[in-house]
Amino acid sequence: MQDIVLLKDVYKVYTMGDIKVTALDGVSLAIKKGEFMAIMGASGSGKSTLMNILGCLDSPTQGKYYLEGIEVSRFSKNELAEIRNKKLGFVFQNFNLLSRTTVVENIELPLIYGKKISKNDTDEIYRIIRILGLEGFEKHYPNQLSGGQQQRVAIARAIANNPTLLLADEPTGNLDSATSTDVMNVLCDLNRTMGITIVLVTHETDIARYAGRVVVLKDGRVLSDTPSHSPGTPAVHASCETVP
Ligand SMILES: Nc1ncnc2c1ncn2[C@@H]1O[C@H](COP(=O)(O)OP(=O)(O)OP(=O)(O)O)[C@@H](O)[C@H]1O
Ligand SMILES: [Mg+2]
């Protein structure tokens, strides 16, 4: 199967005056279509830097990044923006919804960039609304929704473009544990039933367990890269790949 993501010896060095910070120190990583991967690691280990590169928000200082076989590491800012709109979906800790914009309008946004919404698009949006259990909330504004519902809207928006890769940076960071479970089950469902490839950053081992694979970073390097569930792991938080 083709690698969706292939990082080859990626470095990211931030230069501030005389000081250089090596945020990524030779990361090589391959992610296959349909994988659900969690990235963990201490504060400052390079998680956000790695997500920014995976999300084409930033380029490596050195090394190569292939997204679906295309080398994007040498792309210009404009080319990266185009790739982002076409191939990537983002979910953030603070939802990042537009506050004066209804649920359905928020979800439509990625489809509006550069083109008119067709009847097919509208059907697709309502299909996504159903998948995420947001029926009846189409005309609500974000402040009329619970945190979990807001994150569902953000996830709906992220998948509206049918992205190659869904990137989620601490998507449950602002949610209580019951709502976090709900949001993780949604992500699991999307991964399992729609085959969406997901990379998620989390500080919490309980959240990482939902992913099939956990990569731990330390000082900008991959410290470990393992399946998230070993035999004997309690089924309570079993990874979604193990759920029948
Ligand atoms: N824009 C920047 N300019 C300079 N240094 C940066 C920049 N962004 C990150 N760094 C440095 O790079 C290293 C990795 O930072 P990064 O934000 O990737 O860590 P992280 O794992 O996401 O941490 P956290 O868990 O706190 O979010 C840190 O030493 C950080 O100070
Ligand atoms: Mg971070």
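Helices (H or I, at least four residues) and strands (E, at least two) are DSSP runs, numbered from the N terminus. Axes are lines fitted to C-alpha atoms, for helices over the stretch in contact, and angles run from 0 to 180 degrees between N-to-C directions. The model is predicted: local features need pLDDT of at least 70 and side-chain atom pairs count only at pLDDT 80 or more, while totals for chains, interfaces and linings use all residues. Residues are numbered from 1 along each chain as its sequence is written, and side-chain values use heavy atoms, with hydrogens and water left out.

**Helix packing**

Two packed helices are described by the angle between their axes and the distance between the axes.

| Helix pair | Angle between axes | Distance between axes |
|---|---|---|
| H3 and H5 | about 30° | 7 Å |
| H5 (residues 147-159) and H6 (residues 177-194) | about 25° | 9 Å |
| H3 (residues 103-112) and H4 (residues 119-131) | roughly 130° | within 10 Å |

H3 and H5 pack at an angle of about 30°. That makes H3 roughly parallel to H5. In this classification, angles under 35 degrees count as roughly parallel, over 145 as roughly antiparallel, 65 to 115 as roughly perpendicular and the rest as oblique. The crossing of H3 and H5 is right-handed; a crossing has this hand if the near helix is turned clockwise from the far one by less than a right angle, and is left-handed if anticlockwise. On the H3 side the contact (heavy atoms within 4.5 Å) is made by Val103, Asn106, Ile107 and Pro110, and on the H5 side by Val153, Ala156 and Arg157. These residues divide into five nonpolar, one polar and one charged. Here Ala, Val, Leu, Ile, Met, Phe, Trp, Tyr, Cys and Pro count as nonpolar, Asp, Glu, Lys and Arg as charged, and the others, Gly among them, as polar.

H5 also packs with H6, and these two helices are roughly parallel to each other. Their crossing is right-handed. From H5, the residues Gly148, Gln151, Arg152, Ile155 and Ile159 meet Thr179, Asp182, Val183, Val186, Leu187, Leu190 and Met194 of H6. By class, this contact has seven nonpolar, three polar and two charged residues.

The pair H3 and H4 is oblique, and H3 passes H4 in a right-handed crossing. Val104, Ile107, Glu108 and Leu111 of H3 meet Asp121, Ile125, Tyr126 and Ile129 of H4. The contact of H3 with H4 comprises six nonpolar, no polar and two charged residues. Ile107 takes part in the contact with H4 and in the contact with H5.

**Buried positions**

Leu97 is found in the loop between S6 and H3. With a relative accessibility of 16%, Leu97 counts as buried; the term means under 20% relative accessible area, exposed means over 50%, and partly exposed lies in between (1.4 Å probe, protein chains only). Leaving aside neighbours within four places in sequence, Leu97 is in contact with Asn106, Pro142, Gln150, Val153, Ala154 and Arg157. Leu97 and Tyr141 are 44 residues apart in sequence, yet their C-alpha atoms are 9.4 Å apart in space.

Ser45 lies in the loop between strand S3 (36-41) and helix H1 (47-54). Ser45 is buried, at 3% relative accessible area. A polar atom of its side chain lies 2.6 Å from the backbone oxygen of Ala42. Not counting residues up to four places away in sequence, Ser45 touches Ala23, Leu217, Lys218, Asp219 and Gly220. In H1, six of the eight residues are buried, including Leu50, Met51 and Ile53.

In H6, Asn191 is buried at 5% relative accessibility. The side chain of Asn191 reaches the backbone oxygen of Gly34 at 3.0 Å.

**Positive phi values**

Which value does phi of Asp9 take? Phi of Asp9 is positive, near 50°. Asp9 lies in strand S1 (residues 3-16) and is partly exposed, at 40%. Asn96 has a positive phi of about 55° although it is not a glycine. Asn96 is in the loop between strand S6 (88-91) and H3, and its relative accessibility of 37% counts as partly exposed. Cys56, which follows H1, has a positive phi near 55°.

How values were computed:
Chains lettered and ligands numbered in written order. Polar contact = N/O pair within 3.5 Å; in protein donor to acceptor, adjacent residues only side chain to side chain.
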